[in-house]
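Hi everyone, thanks for having me. Could you put the picture up, please, and then we'll walk through it together?

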Amino acid sequence: MLIVEDKALQSQVDRILHSDELRTSEVLRRLLKFLADKSLAGEADQLKEYAVAIDGLGKDPSYDPRHNSAVRIQVGRLRQKLAEYYRTEGKRDEFVIDLPKGRFKLTCEPRCGAVESPALQIVQAAPALPVPMAPPPKIGPAIKPLPAASFFMWAVVAMVAGLGVSYWMHASHIEARAASMQGWSVDLQALWGPFVNSKQPSILAIEDPLFVELNSEPGIYYRDKSLNQWKDVVGSPAVAAIRASLRNASIQPSRYYTAYGEVDVAFLLGKLLGPREQNFSILKTSQLCWRQLADNNVVFVGVQNLFFDEQLHGMPLEPQLVPIQTGIRNVHPKPGEPALFTDQYSTAPAEEGSAYALVTHLPGPLRSNDVVSFTSSRSAGYVAAVQWFTDPSLAQVLVGRLKEASEGRMPRYYQVLLKVRFRDDIPTETSYVLSRELL
């Protein structure tokens with residue numbers, strides 16, 4: 001017979017499985033049910049990542065947690081979905097299901113604050129003090145003076161219920177949030193409004209290029225920018241020559257590394273969007289699927305990526321500027337425009353020169369979400385592009401150019417081409433080249 005806590009867990013999980021929040025995500029529904037069954041059986045604490053991948057997500061037995069983070073990503077998404085459920089459909093549920101970080105065991109606890117003390121009931125029955133908005137006005141003039149009797153009653157209630165402390169904490173929270181909004185501007189709103197005003201979660205997809213791992217002593221990783229699919233690696237003469245020099249060492253794919261530029265842009269975008277996005281997560285591009293492109297707002301950052309480039313060409317609007325290995329191809333050149341914008345840089349003895357950066361903002365596959373990509377053949381290129389989309393002064397210039405090219409209005413979907421000069425992979429000068437409105 002199930003104990004009371006187990007019955008509550010089972011009942012609450014069944015309710016969440018049939019909620020709107022999880023109804024369209026079969027992967028997360030399967031994962032939640034698996035973790036619930038293991039938690040009820042008392043086996044969740046002994047679960048390993050491999051077992052969750054195979055039995056909970058249906059991964060192939062060749063799944064390797066060292067090179068694949070699918071479990072960690074899906075568990076993170078499940079936590080976000082649970083949090084979103086309790087903010088919306090489940091905000092009045094009696095019990096709260098949680099999945100603590102670092103564990104696979106679900107917890108089920110009564111919702112806090114269901115029973116209120118008499119003192120708190122008195123506070124709720126009294127007239128509410130006005131809440132300061134951002135930027136917060138001075139509290140003194142904003143509060144209408146109360147009659148002496150009412151003021152005395154509030155003073156007593158404050159002493160009994162700790163109202164003064166709770167109100168100070170609430171005001172401090174609002175002031176802190178207001179401070180985080182100070183870097184926001186009208187131009188940043190024009191660029192990022194479709195993301196921060198959306199109810200859909202957002203994913204920052206960071207490129208994780210394909211490396212060839214050679215099983216030798218010492219361990220060797222090989223990267224060729226022209227090899228972005230494993231079938232191309234297997235048939236590559238260069239890879240065959242390397243294997244032969246290492247006594248025919250076996251090879252396997254690895255997506256364990258990325259460029260420093262991705263760390264830079266993740267910081268910039270997290271700093272800008274983090275305080276304004278309730279559901280903002282990070283994902284490796286190799287693990288991004290078509291379903292996620294339809295269910296989430298997606299920001300992609302990296303060099304030309306074969307998978308993501310193919311997905312862009314499947315979107316409702318066709319890009320007019322296309323990244324290639326040597327620069328950016330202009331599909332339909334206007335009078336005076338070149339058909340190809342070619343990167344010009346050297347890598348030895350110093351990394352310096354210029355590279356083009358392309359920003360593409362498109363609707364998702366079903367036109368119900370937004371997808372934006374920052375691409376360049378050099379990390380300095382997409383770092384500079386992200387800077388233009390996160391710095392208020394640069395965003396002002398960019399929005400002005402976009403409006404100028406679209407008869408004075410901000411285009412809904414567009415492409416922007418920037419030219420970036422760099423040294424040692426650090427952008428030193430960035431200039432606007434052109435833009436295209438996508439219709």
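Helices (H or I, at least four residues) and strands (E, at least two) are DSSP runs, numbered from the N terminus. What you're looking at is a predicted model, where local features need pLDDT of at least 70 and side-chain atom pairs count only at pLDDT 80 or more, while totals for chains, interfaces and linings use all residues. Residues are numbered from 1 along each chain as its sequence is written, and side-chain values use heavy atoms, with hydrogens and water left out.

Okay, sheets. In what order do the three strands of the open sheet with E9 in it come? The order is E9-E10-E11, and the pairing is antiparallel. E9 and E11 are the edge strands, each pairing on one side only.

Let's go through that sheet strand by strand. Strand E9 covers residues 321-324, strand E10 covers 327-330, and four bridges pair them in the antiparallel sense. A hairpin with two residues in it takes you from E9 to E10. Look for Val 322: its bridge partner in E10 is Arg 329. Now follow Arg 329 across to E11, where its bridge partner is Leu 340. E10 and strand E11 (residues 340-342) have three bridges, again antiparallel. Ile 328, meanwhile, stands opposite Phe 341 in E11.

There's another open sheet of three strands, with the order E5-E4-E6 and antiparallel pairing. At its edges you find strand E5 (220-222) and strand E6 (251-254), each pairing on one side only. The twist in this sheet averages 35° from one strand to the next. Strand E4 (residues 211-214) and E5 are joined by three bridges and run antiparallel.

On to helices, and how they cross. An axis here is a line fitted to C-alpha atoms, for helices over the stretch in contact, and angles run from 0 to 180 degrees between N-to-C directions. Angles under 35 degrees count as roughly parallel, over 145 as roughly antiparallel, 65 to 115 as roughly perpendicular, and the rest as oblique. Contact means heavy atoms within 4.5 Å. For residue classes, Ala, Val, Leu, Ile, Met, Phe, Trp, Tyr, Cys and Pro count as nonpolar, Asp, Glu, Lys and Arg as charged, and the others, Gly among them, as polar.

Take helix H10 (residues 186-196) and helix H13 (residues 260-273): their axes come within 12 Å and cross at roughly 80°. That's why we call H10 and H13 roughly perpendicular to each other. Leu 188, Trp 192 and Val 196 of H10 make the contact with Leu 269, Leu 272 and Leu 273 of H13. Sorted by class, you get six nonpolar residues, no polar and no charged.

H13 has another partner, helix H16 (residues 379-390), and here the axes come within 9 Å and cross at roughly 10°. So H13 is roughly parallel to H16. On the H13 side, the residues in this contact include Gly 261, Glu 262 and Asp 264. The contact of H13 with H16 splits into eight nonpolar, four polar and two charged residues.

Then H16 meets helix H17 (residues 392-405), with axes that come within 5 Å and cross at roughly 90°. H16 is therefore roughly perpendicular to H17. Gln 387, Trp 388, Phe 389 and Thr 390 in H16 meet Pro 392, Leu 394, Ala 395, Val 397 and Leu 398 in H17. By class, that's seven nonpolar, two polar and no charged.

Last stop, charges. A salt bridge is a side-chain nitrogen of Lys or Arg within 4 Å of a carboxyl oxygen of Asp or Glu. How many salt bridges does a search of the whole structure find? It finds 16. One to look at joins Glu 26 and Arg 29, where the closest N and O atoms are 3.4 Å apart. These two residues are about one helical turn apart, because Glu 26 and Arg 29 are three residues apart in helix H3 (residues 26-40).

Terms used. Two strands pair if DSSP finds at least two bridges between them.
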